[in-house]
Amino acid sequence: MTDIEVGIIMGSQSDWPTMRTAADILDELDIAHEAKIVSAHRTPDRLWKYGAAAAERGLKVIIAGAGGAAHLPGMMASKTRVPVIGVPIQTRALSGVDSLYSIVQMPRGFPVATMAIGAAGAANAGLMAAGILALNDPALAARLDAWRAALSASIPDEPQDD
Ligand code: RP5
């Protein structure tokens, strides 16, 4: 068993600038996490090993980001019952619609909770993981409530001129 509650995995180093947004949220909320490069296509054995060990290691949520033919979140969901949150990475060729479609249309039985394309989706993946963990962690629930209240408080009542 490990103290790490959330595993952030991604298909490539090039995904990290997006996926770091999820890590930043988990840092802000003091949630123990790890970040790994696990590619469905380039390192399939690593994917299988990570998925096979995830539940036993005590991971409670996996956030998986990938772009293009983005099979990582779905393949991970097929290998572990640990909930998988998918983040479609924005791509140059098709703006991330390819990633979104690759992740969202899972067959019945192996769900992936799919977020929005890009950094907003990665941040929301961190917040979704926090919400899941907060169900059984009152201290985290309080931190998440405070985070949400601070965001609401930061929104002005009226628009300003530049
Ligand atoms: C996917 O291919 C990765 O998730 C990444 O989004 C995309 C491109 O990878 P690189 O060619 O930049 O390594 O597997």
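Of the 162 residues in the chain, 38% are buried. Buried means that 20 or more other C-beta atoms lie within 10 Å of the residue's own, exposed means 12 or fewer, and partly exposed is in between, with C-beta atoms placed from the backbone. Keep in mind that this is a predicted model: local features need pLDDT of at least 70, side-chain atom pairs count only at pLDDT 80 or more, and totals for chains, interfaces and linings use all residues. Residues are numbered from 1 along each chain as its sequence is written.

Next, the fold. There are 6 helices and 5 strands; these are DSSP runs, H or I of at least four residues for helices and E of at least two for strands, numbered from the N terminus. In sequence order the pattern is β-α-β-α-β-α-β-α-β-α-α.

Now the site. Which residues does UniProt list for "binding site"? The unreviewed entry gives Ser 12, Asp 15 and Arg 42; such annotations may be inferred rather than shown by experiment, and the positions are in the numbering used here, with feature names shortened. They are spread over 31 residues of sequence but cluster in space, with a largest C-alpha distance of 14.1 Å.

Take Asp 15. It sits in the loop between strand E1 (6–10) and helix H1 (16–28). Asp 15 has 25 other C-beta atoms within 10 Å, so it is buried.

Arg 42 is in the loop between strand E2 (33–37) and helix H2 (44–57). Is Arg 42 buried or exposed? Arg 42 counts as exposed, because it has 11 C-beta neighbours inside 10 Å.
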